[in-house]
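The sequence and structure are shown here.

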Amino acid sequence: MAELGLNEHHQNEVINYMRFARFKRGLCLKTVDSCFQNLKDSRLVEETFTVDEVTDMLDGLQTVVHSEVESELINTTYTNVLVLRQIFSQAEKWYLKLQTDVSELENRELLEQVAEFEKSECTSSNKKPSTDLIKPKLAPLNEGGSELLNKTVASLQEENEKLKNRLKTIETQATAALDEKTKLEKLLKDLQMIQGDQKTNANQDIAELENKVAALKCQFEKTLNDSTANQKFLEEDLVTTKHDLLKVRDQLSTAEKELEKKFQQTAAYRNMKEILTKKNEQIKDLRRKLSKYEPDD
């Protein structure tokens, strides 16, 4: 592995592309320099210029340089597309699918790494003899690779034929098993129909009995719940009534005592008591007098 994380073969390919790009960059810079030199030779022939003349010269120079730089940038883009096309074409011959990460193209660390690599490569290539700079041309991939690819395709075709024969055998076995399954399913269906007819009436009777039992159970539970609720209500009502009766009796006794106490304290009660006392004395006197006149036995 080398500085760019590639093997020696791929690194040499990168070096060749960088040399090509450096050569194109030099041509572009020479073209820009020639634009300025042409302006100097053709327009700068007088010692003084007005503002309008200088502005006109700069606008013309801007137009020419803009056109040259834009043309070079477009050409560089097309060149990169052709390089990617070569790489992808070789990958497709081996049924590979490559992917690119465009966000890494603006990675400053990687860009600086490439710049250092180019700088070191230029320094080392200046020290080498000119014979070392000539790299052998790569052999096209579709000669040696096609033989291996043909062998791989032949092997896959042979394996495919084996799989087809095996698939036919499995399909035959599956067809026979499916026929047997159909027969068994038909027989099972007939048996289920016979058993179903026999169980239908029994199931209906059982269902009716279950419904009746369920209805009776619901009615019994409802009656039981109602009786329990009524009994609980009556018990609570009876307890409440007893408490109220005792309370009323107590209040009545208290009221009678208070009424008797108040009545005894009234003047009418005292007068009536004196009159009754006098009447009792009179009756006693009358009885004594009567006893004198009664004959002795």
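The sections below treat a pocket, the cysteines and one backbone torsion of this predicted model.

**The second largest pocket**

The second largest pocket has a volume of about 310 Å³. Its lining comprises 14 residues, and those closest to the centre are Ala21, Lys24, Arg25, Glu72 and Thr76. Both α1 (8-43) and α2 (51-93) supply at least two lining residues each. The greatest contribution comes from α2, with eight residues. By class, the lining holds six nonpolar, five polar and three charged residues.

**Cysteines**

The whole structure contains zero disulfides. For Cys28, the closest cysteine sulfur belongs to Cys35, at a distance of 9.2 Å, which is too far for a bond; a disulfide would require the two sulfur atoms to lie within 2.5 Å. Cys28 is also buried, with a relative accessible area of 15%.

**Backbone at Tyr95**

Most residues other than glycine have a negative phi. Tyr95 has a positive phi, near 60°, and is not a glycine. Tyr95 is located in the loop between α2 and α3 (108-127). With a relative accessibility of 65%, Tyr95 counts as exposed, since the exposed class begins over 50%.

**Accessibility of the two residues discussed**

| Residue | Relative accessible area | Class |
|---|---|---|
| Cys28 | 15% | buried |
| Tyr95 | 65% | exposed |

Terms used:
Residues are numbered from 1 along each chain as its sequence is written. This is a predicted model: local features need pLDDT of at least 70, side-chain atom pairs count only at pLDDT 80 or more; totals for chains, interfaces and linings use all residues. Side-chain values use heavy atoms; hydrogens and water are left out. On a 1 Å grid over the protein atoms alone, a cavity is a set of points where a 1.4 Å probe fits but cannot get out, and a pocket is an open set with protein on both sides within 12 Å along at least five of seven lines; lining residues have an atom within 4 Å of a point. Grid points are joined across faces, edges and corners, and a volume is the space filled by probe spheres set on the points. Helices (H or I, at least four residues) and strands (E, at least two) are DSSP runs, numbered from the N terminus. Ala, Val, Leu, Ile, Met, Phe, Trp, Tyr, Cys and Pro count as nonpolar, Asp, Glu, Lys and Arg as charged, and the others, Gly among them, as polar. Buried means under 20% relative accessible area, exposed over 50%, partly exposed in between (1.4 Å probe, protein chains only).
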